[in-house]
Amino acid sequence: MFSFVRLEISNGRKRPLSAKCHSERSEESLCTMRSLASFGMTKGRFRPSMILNIMKFRLKTKENKSKSLWGKGDKDTLKLLNKIRIQGKWLNLAAGDGRYNLNLLKNADLVIASDIDKRVLNKLWRNTPSKYRSKLQIKVFDLTQKSPFKSDYFDGIFCTGILHLVPRKILPKILREMNRVLNKNGKIIIDFATDIKRISFDGKFITIGKEPLYKLQEARKVLRKLFNNYKVKIYESAVKDEIVQAANSYKFSFKFIILVADKNK
Ligand SMILES: C[S@@+](CC[C@H](N)C(=O)[O-])C[C@H]1O[C@@H](n2cnc3c(N)ncnc32)[C@H](O)[C@@H]1O
């Protein structure tokens, strides 16, 4: 899949960030640009208030209308979703266009797919078979802010492709909010990329904005601390030397944590 992304910051200063990508697991071109931008990380210091108003994304892409912008999904995550008992009400947080959403919907009674970007949620809705739509809701909100749900509402929260990009000091706030809306027997499934290396073909190390760039051990520690009231299982995998076709193409490697946390220890 090849896509072209242009990011525009609507405060008068246009700042295009473009990338073409073809990658199953890569959060690189599309999502990194979007996510970092949504955290204000592409233009200096993070200010939550920047998120909703000053960022405007425009996808100029020959986007495949039925396929996810982020590929088919990570095989280990898909395996886990097949193995784990999904039931009751689930929140798919920062769901994007929903590459994992059907896996939740097939077994849950209700899935609320949320994202800051309404267009990806509209795509998720369109691509959901009509027989599942009666148990699907979409909701636009910023995951760094208080969510519009009452406490103890969900039986499960699923959140992939985003938390490793959140500034370190914002992460606990997001986790507190997840904890608030999750009921006492609830489950959280997240993924978290670490040891991210982007090496350009002329040998330069590329970083994007002020992404936190966790190492595996550090991420394990951070996650253990954040979930210290949960029963946690951590699964690890890695991706090596994936080629990302961007304006300046590069080799992309990263490690990968999938964390399953049960609130009821
Ligand atoms: C890499 S995509 C992952 C999408 C999906 N979870 C998946 O794994 O396919 C990251 C998603 O996070 C969303 N996002 C970025 N910042 C956000 C924020 N502050 N609040 C809610 N969603 C956000 C983006 O719009 C994008 O859809």
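Q: Which exposed residues are carried by the face of α8 turned away from its buried side?

A: On that face of α8 stand the exposed residues Q217, K221 and K225. A residue counts as exposed if 12 or fewer other C-beta atoms, placed from the backbone, lie within 10 Å of its own, as buried if there are 20 or more, and as partly exposed in between. Helices (H or I, at least four residues) and strands (E, at least two) are DSSP runs, numbered from the N terminus. The model is predicted, and local features need pLDDT of at least 70, side-chain atom pairs count only at pLDDT 80 or more, while totals for chains, interfaces and linings use all residues. Residues are numbered from 1 along each chain as its sequence is written.

Q: Which are the buried residues of helix α8, and why do they line one face of the helix?

A: An α-helix has 3.6 residues a turn, so residues three or four places apart point the same way. In helix α8, which spans residues 216-226, the buried residues are A219, L223 and L226. Because they fall within an arc of 60° when seen down the axis of α8, they line one face of the helix; the arc is that of the directions from the helix axis to the C-beta atoms.

Q: What covers the buried residues of α8?

A: The cover includes α7 (171-181), β7 (182-200) and β9 (250-262).

Q: Why is β4 described as largely enclosed by the rest of the structure?

A: Five of the six residues of β4 are buried, and the strand is therefore largely enclosed by the rest of the structure. Two strands pair if DSSP finds at least two bridges between them. Strand β3 (residues 89-93) runs parallel to β4 and is joined to it by four bridges, with K89 standing opposite L110 of β4. Five bridges join β4 to strand β5 (residues 136-140), and these two strands also run parallel.

Q: Is D115 buried or exposed, and with which residues is it in contact, leaving aside its neighbours within four places in sequence?

A: D115 lies in strand β4, residues 110-115, and D115 is buried because 25 other C-beta atoms lie within 10 Å. Two residues are in contact if their C-beta atoms, placed from the backbone, lie within 7 Å. Beyond those sequence neighbours, D115 is in contact with A94, A95, G96, V120, L121 and V140. V140 is also the bridge partner of D115 in β5, while A95, 20 residues apart from D115 along the chain, has its C-alpha atom 5.8 Å from that of D115.
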